[in-house]
Amino acid sequence: MPSLQTLKGLDLPAVGFGTYKLNGASGVNTINSALNVGYRLIDTAFNYENEGAVGEAVRRSSIPREQIIISSKLPGRHHHYDEALTTIQESLYRAGLDYYDLYLIHWPNPKENLYVEAWQALITAQKLGLVREIGVSNFLPEHIDRLITETGVIPAVNQIELHPYFSELQLREYDQQKHIITLAWSPLGRASSVLKDPIIAGIAAEVQRSISQVILRWEFQLGVLPIPKSNHTARQIENLNLFDFELSEAQMQTITNLDRPNGRLQNQDPAEYEEF
Ligand SMILES: NC(=O)c1ccc[n+]([C@@H]2O[C@H](COP(=O)([O-])OP(=O)(O)OC[C@H]3O[C@@H](n4cnc5c(N)ncnc54)[C@H](OP(=O)(O)O)[C@@H]3O)[C@@H](O)[C@H]2O)c1
């Protein structure tokens, strides 16, 4: 699988696996299946309450730990420096891991105005070897600018909502200019109407692929790293098979033109929305 490299040189596989709602024993089996079919980047979060399932799936697989990128996220209720550091340690204990490859601030929660403090804790966690790379999720340029101005440390990644109805041109351009890798959450629009879009269906017929594959390939060709989730092994495989076909510039542009100003799945504008 192709990879994307962070500014500090960590290679991230071009497609990752999302784990929201994959919990308990069935979650372990699903995540284990994803590892078996070839996923090497697993996305979790303290708030998903499944870091344990992720750690268990990794231990049950025959894949060496160092070949897997595991990413988790700091919840909004623990942005204070000391709490953030303790939470990262708890994240590791929950997963039974010695380190995370990536650790992100889940949401900026700008009204709380503590995300710079949280970022300082992530910087310390990296120095302590608890995490290899640090990044953010749902951050707007104004939030990232503050992190850089106040700490001098640029996030390795920014994980944001991104799918054909919400393609985030400006944020993608900002991330690219700062050498921040953009990860797409809900890259398939969480199986909403986008998976039935007639225009994408037309392109899928042209390239003889599924709509999901066309969407994920579009994200890959934008330079974005999607993290689709699926409970089904066949779909997990389908979502990885993106590297033996290509979308033309015209097909790319047609999908990008599907962008809608209010294309978010829910009303989660990071300038306003907060999650704890
Ligand atoms: N940072 C954040 O704030 C944030 C927010 C949301 C999500 N995330 C992360 O992003 C990950 C992915 O997002 P998501 O889970 O919201 O949505 P998603 O990956 O866009 O879509 C998942 C849905 O699509 C279906 N699906 C997957 N592959 C398919 C295929 N090939 N054909 C047809 N349907 C398919 C799945 O059904 P089945 O499972 O039944 O196959 C599931 O209902 C999450 O799991 C989580 O790790 C992060």
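Predicted model: local features only at pLDDT ≥ 70, side-chain atom pairs only at ≥ 80, totals over all residues.

Reader: How much space lies in the second largest pocket?

Author: The second largest pocket holds about 200 Å³. It is lined by 13 residues, and those closest to its centre are Arg172, Gln176, Ile180, Leu222 and Gly223. By class, this lining has six nonpolar, four polar and three charged residues.

Reader: Now the ligand, please. Where does the ligand sit?

Author: The ligand sits in the largest pocket, whose volume is about 730 Å³.

Reader: Which residues lie nearest the centre of the largest pocket?

Author: Of the 33 residues that line the largest pocket, Tyr20, Ser186, Pro187, Arg190 and Lys229 lie nearest its centre. The lining divides into 10 nonpolar, 15 polar and eight charged residues.

Reader: And how many residues surround the ligand itself?

Author: The ligand is surrounded by 29 residues, and the closest are Asp43, Ser186, Arg190, Ser230 and Arg235. This shell comprises 10 nonpolar, 13 polar and six charged residues.

Reader: Which side chain has an N or O atom 2.9 Å from a nitrogen atom of the ligand?

Author: That side chain belongs to serine 137. Tyrosine 48 also has a polar side-chain atom 3.3 Å from a nitrogen atom of the ligand. At glycine 189, a backbone N or O atom lies 3.4 Å from an oxygen atom of the ligand.

Reader: What percentage of the ligand's exposed area does the protein bury?

Author: The protein buries 89% of the 910 Å² that the ligand exposes when taken alone.

Reader: One last topic: how many cavities of 30 Å³ or more are there?

Author: The count comes to one cavity of 30 Å³ or more. The largest cavity has a volume of about 70 Å³.

Reader: What lines the largest cavity?

Author: Its lining includes Asn138, Phe139, Glu161, Trp185 and Arg264. By class, the lining of the largest cavity has seven nonpolar, two polar and three charged residues.

Conventions: Residues numbered from 1 in each chain as written. Heavy atoms only, no water. Near = heavy atom within 4 Å. Polar contact = N/O pair within 3.5 Å; in protein donor to acceptor, adjacent residues only side chain to side chain. Areas by Shrake-Rupley, 256 points an atom, 1.4 Å probe, with all protein chains shown as cover. 1 Å grid on protein atoms, 1.4 Å probe; cavity = no way out; pocket = protein on both sides within 12 Å on 5 of 7 lines; lining within 4 Å. Sits in = over half its atoms within 2 Å of the grid points. Nonpolar A, V, L, I, M, F, W, Y, C, P; charged D, E, K, R; others polar. Points joined across faces, edges and corners; volume = space filled by probe spheres on them.
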